[in-house]
Amino acid sequence: MLPIETSAPARPITDSDIHIGATGKGEPVGIDLAKLIDGRLLIQGNSGAGKSMLLRRLFEKSFGRVQQLLIDPDGEFSTLKEHFDVAVLTAADIARVGGQIFAHHLREHRYSAVLDLSDATSEDRLDIVADLAEGLLSASEQFWHPLLVLVDEAQTLAPHYDTGDVSADTRKRSTAMLADMMGRGRKRGIAGVIATQRIAETAKAVVSKATNVVVGRTIFDRDLERAGALLGFTLGHSRALRSLADGEFLAIGPAIAGPRRIRFKAGSVVSRHKGRSPDIVAPPSISAADAAALLMAVPTATSLAPAAPEIDPNTNHRRGWSASDDAIVREGFARGFKLTDIAASLIKNGGAARSLGAISVRGQTLGIKNTRTVGGWTDEEYQVVLDGYEAGAAIADIRKSLAAAGYDRTFGAIQMAAIKLGVSGSRVNLWTEEETRIALAGLAAGKSHAECLIELKAAGYIRGPTAMHKFATKHGVLRKHRDFTDEDIETMRTMFAEGKSHGDIATRLDRTKASIASQCSKMGLKHRRPWTEAERQTLIDYQATGKKLKEAAEKVGRPYANVAAECGRLGLSFLKPSIERTPT
């Protein structure tokens, strides 16, 4: 196999760049945000190549700098809300108001959102995406602000051919609207970022609009041919793309390295990735005879199978709702039941298991609304949201307050209510005088955002990285990148060999501890301190008493990721088991 040829050195990262990774020499690689908005981006990588992780990295590093909308067909990115103040909305949320109305609302109020379409059918997903793209393009000119639209698994939303699970009209409209967004969106401030597992199975009208291309490991010949051609490879050289490691990419385009190729390794992410491969666990020991006996004890299929459903002639989505199913949905919506209760009732009646989104959409199809779950906010609920936002409480805490008052609302619903009340954009303005004094003093002393947050926490104020970034931006405290000199590098190597801490090195070089830690990581300098039995016992004790992994990490004084890895080796899980609720 021919080696991969690259000819572009990493260019210096500027203030307008999004840091996405580093070359093999440790040089940082960035994407120029202004050029990205002007030129769009295509990310190609077969399953397991790291495509979705790179998309997650791009979202995380862009958050707070530009408005973003991430279209997530498989529900992998909802975990972003654990670290970022981003609205996570489902297909049911969008079905309630309509894709175009949501798009206009998004552009007008300029909030970032993750659209989780995992609760929708294939047909519904394409309908929503088509309506959404049309709405983004038709928004009033006064709302043409910069907007990144990141689309994962684009081969499912704009397929190159008939996949057989959606109607031809729906497929053509979704593809046409996404292609239109990638083309006409530039003048409207919309930058499309299309990520696909199979470039050969993604409509050419969509991928051909991107002037920046990033390619990860690619196995199949048809994908190799198209991806290699975009990188300027001949077919023989394209086969070398099969040798790329996980998270390793080749890139070309004006926003990255100009007309020459650059090879880089994607950087890490802070949010949890739901799409990672499961750990390999040995199956339980059971003999073939016992397995056969267990199978014989299972009731026959005829005794379990419900009556054949009556197909609704008024829909082409082929969902097979029976008349009894519809009766349960009608009654549940009329009596204000929660969607989880309706889902349980459908199963109890012998029907199929339905997602909450499917039930909500079915209610829309039947022309009925559940005043409890789809709208009908009470004055008491609105007051809880207002009080929470004014107090600077996290959305998770506001949700708990609503639950204590007898209301069950999703993160997305709470955020939409806050937007309606006009308080969603005021969080950064709700800093107390004491908080402002502490944060400004820390920034003036050259401390990192993380260090400022620690000082705020010590004073009893809990803020997140995004809030701190917005606060610094509001007060004009902008950090400028200062390159490490050869003398700095040599000093770091010497002090590291002497066992000095990141804090000692930061003091010596007059830099933040975070910048030293980042540069040491790029240089491969790591403090490898062996785990002691006392530390491991602390992890066991904290897990047994129901404490959080974060608390255990603080107790032993090690990075969160290292503690999580050690817990994995010890077989300790800090995740709380979910509580299944059945309808009364």
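This is a predicted model: local features need pLDDT of at least 70, side-chain atom pairs count only at pLDDT 80 or more; totals for chains, interfaces and linings use all residues.
Me: Which residues of α16 are buried?

Reply: They are E381, Y382, V384, V385, G388 and Y389. These residues cover an arc of only 155° around the axis, and they therefore lie on the same side of α16.

Me: How do you know that the span of α16 agrees with what its 12 residues should give?

Reply: The expected span is 1.5 Å times one less than the number of residues. For the 12 residues of α16 this gives 16 Å, and the end C-alpha atoms are 16 Å apart, so the two values agree.

Me: At what angle do α16 and α17 pack?

Reply: Helix α16 (residues 379-390) and helix α17 (residues 395-404) pack at about 150°, and their axes are 10 Å apart. Their crossing is right-handed. From α16 the contact is made by E381, V384, V385, G388 and Y389, and from α17 by I395, I398, S401 and L402. By class, these are 6 nonpolar, 2 polar and 1 charged residues.

Me: Why does D223 count as buried?

Reply: Buried means under 20% relative accessible area. D223 has 0% relative accessibility, and therefore counts as buried. This residue lies in helix α9 (residues 221-231). Leaving out residues up to four places away in sequence, D223 touches Q44, N46, Q197, R198, I199, A200, T218 and G228.

Me: Why is R330 called partly exposed?

Reply: The relative accessible area of R330 is 41%, so R330 is partly exposed. R330 is placed in helix α13 (residues 323-334). Apart from neighbours within four places in sequence, R330 is in contact with L366 and I368. R330 and L366 are 36 residues apart in sequence, and their C-alpha atoms are 8.2 Å apart in space.

Me: Why does T432 count as partly exposed?

Reply: The relative accessibility of T432 is 33%, and T432 therefore counts as partly exposed. T432 lies in the loop between α18 (411-421) and α19 (433-444). From T432 to Y461 there are 29 residues in sequence and 9.5 Å in space, C-alpha to C-alpha.

Me: What phi does R40 have?

Reply: R40 has a positive phi of about 65°, although R40 is not a glycine. Most residues other than glycine have a negative phi. R40 lies in the loop between α1 (33-39) and β3 (41-44). With a relative accessible area of 9%, R40 is buried, since buried means under 20%.

Me: Why does R110 count as partly exposed?

Reply: R110 has 45% relative accessibility, and for this reason counts as partly exposed. R110 is placed in the loop between α4 (99-109) and β6 (113-116). The phi of R110 is near 60°, a positive value in a residue other than glycine.

Me: How many helices and strands does the protein have?

Reply: The protein has 27 helices and 11 strands. Of its 584 residues, 46% count as buried. Among contacts between residues at least 6 apart in sequence, 72% join residues at least 24 apart.

Technical notes:
Residues are numbered from 1 along each chain as its sequence is written. Side-chain values use heavy atoms; hydrogens and water are left out. Axes are lines fitted to C-alpha atoms, for helices over the stretch in contact, and angles run from 0 to 180 degrees between N-to-C directions. Helices (H or I, at least four residues) and strands (E, at least two) are DSSP runs, numbered from the N terminus. A crossing is left-handed if the near helix is turned anticlockwise from the far one by less than a right angle, and right-handed if clockwise. Contact means heavy atoms within 4.5 Å. Ala, Val, Leu, Ile, Met, Phe, Trp, Tyr, Cys and Pro count as nonpolar, Asp, Glu, Lys and Arg as charged, and the others, Gly among them, as polar. Buried means under 20% relative accessible area, exposed over 50%, partly exposed in between (1.4 Å probe, protein chains only). The arc is that of the directions from the helix axis to the C-beta atoms.
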